[in-house]
Amino acid sequence: MHSVCLHVYTFTQLHSYTVCIKNIIKGYSLTKIIVNFVNSFSYDQIIKSYYCMRPIKTNALTGIFNDFFVDSPMPTNISYMWNFGSLLGATLALQIATGVTLAMHYCPNTDLAFSSVEHIMRDVNSGYIIRYAHANGASMFFILVYLHIARGLYYGSYAKPRVMLWSVGVIILLLLIIIAFLGFSGQK
Ligand code: HEM
């Protein structure tokens, strides 16, 4: 027997006896105790009690995490190449966090820009790490976006029913190129 089935099966028996004992303690009539005992073997009850074993599934917040990342049904063909999208999201978060931090110390003035960058590199706590993370993150973003698109092209992710998704991706790519021109032109 499959290990999960065995697990559910064993648990079901335990659960049914627990229901029985609880009903006796509650002082229910013999008829009710028997009816509840029989009902406790129903498919719905088994699923419900099996789910109750794992608070991660029933909790409002962790339940969302569980539904999206643990119990989410996925096509069997997807591989590690489908990680590029999440990696892009993580890189975007890194770029925003480091970008906002750099902007707190950067001065966009012709006379002051250079020295403000020197200030970030020398004086600001961990400033050099933040700047290098931002600069390398920008390159990482492009490497990942090319890999993400290549994956999409190779596996036909642009085709129906993902035409609109692909089109939004093209817009994101154009925005990315425009932003890169603005950002990189200020770099030495
Ligand atoms: C900021 C840039 C982007 C981010 C954060 C991002 C994020 C994601 C994420 C998280 C996924 C789901 C996981 C995966 O399949 O990798 C995904 C899927 C997808 N992305 Fe992107 N993406 C970006 C850019 C693009 C671009 C430029 C295109 C195309 C021109 C594109 C087209 C697609 C398509 C077609 C899918 C569905 C793939 C499938 O289900 O087979 N994305 N993206």
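**Ground rules**

I number residues from 1 along each chain, following the sequence as written. Since the model is predicted, local features need a pLDDT of at least 70 and side-chain atom pairs count only at pLDDT 80 or more, while totals for chains, interfaces and linings use all residues.

**Confidence**

I checked pLDDT, which is the predictor's confidence in each residue, from 0 to 100. The protein chain averages 86, and 86% of the residues score at least 70. Residues 1-6 fall below 50, and beyond near neighbours in sequence that stretch has 1 contact in the model. By contact I mean two residues whose C-beta atoms, placed from the backbone, lie within 7 Å.

**Overall build**

I found 9 helices and 0 strands in the protein chain. From the N terminus the order is simply α-α-α-α-α-α-α-α-α. Helices (H or I, at least four residues) and strands (E, at least two) are DSSP runs, numbered from the N terminus.

Next I looked up burial. A residue is buried if 20 or more other C-beta atoms lie within 10 Å of its own, exposed if 12 or fewer, and partly exposed in between, with C-beta atoms placed from the backbone. Of the 188 residues in the protein chain, 5% come out as buried. I also looked at contacts with a separation of 6 or more: residues 24 or more positions apart account for 53% of them.

Is L88 buried or partly exposed? It counts as partly exposed because it has 18 C-beta neighbours inside 10 Å. Leaving aside neighbours within four places in sequence, L88 is in contact with F141, L144, V145 and H148. I also checked L88 against F142: they are 54 residues apart along the chain, and their C-alpha atoms are separated by 9.1 Å.

A97 is in helix α6 too. A97 has 14 C-beta neighbours inside 10 Å, so it is partly exposed. The C-alpha atoms of A97 and I130, 33 residues apart along the chain, are separated by 9.1 Å.

**Loop between α7 and α8**

I found V124 in the loop between α7 and α8. V124 is partly exposed because 17 other C-beta atoms lie within 10 Å. Not counting residues up to four places away in sequence, V124 touches H105 and H119. V124 and H105 are 19 residues apart in sequence and 8.1 Å apart in space, C-alpha to C-alpha.

S126 belongs to the loop between α7 (113-122) and α8. S126 has a positive phi of about 55° although it is not a glycine. With 10 other C-beta atoms within 10 Å, S126 is exposed.

**Loop between α8 and α9**

Where is P161? I placed P161 in the loop between α8 and α9. The peptide bond from K160 to P161 is cis, with omega near 5°.
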